[in-house]
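Have the structure open as you read.

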Amino acid sequence: MDRATLADFLRRSRERLQPQQVDLPAGPRRRTPGLRREELAQLAGVSADYVMRLEQARSSQPSTQLLAALARALRLTEDERDHLYLLAGHRPPEGPRAGHHIRPALIYLLDRLGDTPAQLITDLGDLLAQNSLAEALFGCVCTIEEQDRNIVWRWFTDPRVRAAYPPDDHDHLSRVRVADLRAAATHRGYDRPATALIERLEAASAEFTALWNRHEVAVRRNHHVRVVHPTVGLVEFDFEILQTQASDQRLRLFTPRPGSAGVEALELLRALGPETAHRSHR
């Protein structure tokens, strides 16, 4: 907790806010700009004495509930609210979730990444969209029911998915997928979508259940991955996951190392197109 900076930020945020912005009467001429401490306290549902102690850097650490009330009372933006939480020594609230809604800008970006296989997935692993080169590499999921278009679910229930990776890598990839799902579920607070997916996987796969019980946690960010394609053979990629504006969506990029055989393999896949390059889905 940075008491001095927190005190300064609260005081300046209060002074920038005019009474009419929060539906309070302006009243007689004020000696200082902005809201009075008593007015902020009233809006936030706390005592004026506690607001004073916060602004004088003499308070105990405020709770997240109190910070949320202060943020609402001060009409803070999302960035300002996150700044307030961090100054008080707390992790900011999770950002907005998009679910399965895809922003048009992300679709545009996927289409513009013509030289790089790219996929948009949720934090739980639901495949939302992919560009044509990713489809040529991994296959189309158009024949798969929407509720089954989850990369963790398909890994543990569809042998054709594992056929796209060298057998020596299967154990590692299983652990990585489960550890990443554990991190996502915990971050969500084990909400209904996360719990439903975990329960479904436990009912369908003994391997998943055994790995889940190991309680390993590791967020997937980047690593090296090998893919076995039916037309171009073994291709190696550097695998990156980028955070999107929504807290529950990720952009997955598969980039071959410069000068490697993967560069030529992607050029061939791009020339063949998805339908010719990968006639069966993976």
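## A bridge to a loop

At 31% relative accessibility, arginine 200 counts as partly exposed. Keep in mind that this is a predicted model. Arginine 200 pairs up with aspartate 148 in a salt bridge, with the closest N and O atoms 2.5 Å apart. Arginine 200 sits in helix 11 (residues 192-204) and aspartate 148 in the loop between helix 7 (132-138) and helix 8 (151-157), so the bridge ties together parts that are 52 residues apart in sequence. Aspartate 148, at 18% relative accessibility, counts as buried because the cut-off is under 20%.

## Salt bridges around helix 1

Searching the whole structure turns up 20 salt bridges. One of them joins the side chains of arginine 14 and glutamate 55 (2.7 Å, N to O). That pair links distant parts of the chain, with arginine 14 in helix 1 and glutamate 55 in helix 3 (residues 48-55), 41 residues apart. Both arginine 14 and glutamate 55 are buried.

Arginine 11 and aspartate 8 also meet in a salt bridge, at 3.0 Å from N to O. Both lie in helix 1 (residues 3-16), three residues apart, or about one turn of the helix. Arginine 11 is partly exposed at 26% relative accessibility, and aspartate 8 is partly exposed at 30%. A network of salt bridges links Asp8, Arg11, Arg12 and Glu15.

## How helices 4 and 5 pack

Helix 4 (residues 64-73) and helix 5 (residues 78-87) have axes that come within 10 Å and cross at roughly 145 degrees. The crossing is right-handed. Helix 4 brings Thr64, Leu67, Ala68, Leu70 and Ala71 to the contact, while helix 5 brings Arg81, Leu84 and Tyr85. By type, the contact residues split into six nonpolar, one polar and one charged.

Definitions and conventions
Residues are numbered from 1 along each chain as its sequence is written. This is a predicted model: local features need pLDDT of at least 70, side-chain atom pairs count only at pLDDT 80 or more; totals for chains, interfaces and linings use all residues. Side-chain values use heavy atoms; hydrogens and water are left out. Axes are lines fitted to C-alpha atoms, for helices over the stretch in contact, and angles run from 0 to 180 degrees between N-to-C directions. Helices (H or I, at least four residues) and strands (E, at least two) are DSSP runs, numbered from the N terminus. A crossing is left-handed if the near helix is turned anticlockwise from the far one by less than a right angle, and right-handed if clockwise. Contact means heavy atoms within 4.5 Å. Ala, Val, Leu, Ile, Met, Phe, Trp, Tyr, Cys and Pro count as nonpolar, Asp, Glu, Lys and Arg as charged, and the others, Gly among them, as polar. A salt bridge is a side-chain nitrogen of Lys or Arg within 4 Å of a carboxyl oxygen of Asp or Glu. Buried means under 20% relative accessible area, exposed over 50%, partly exposed in between (1.4 Å probe, protein chains only).
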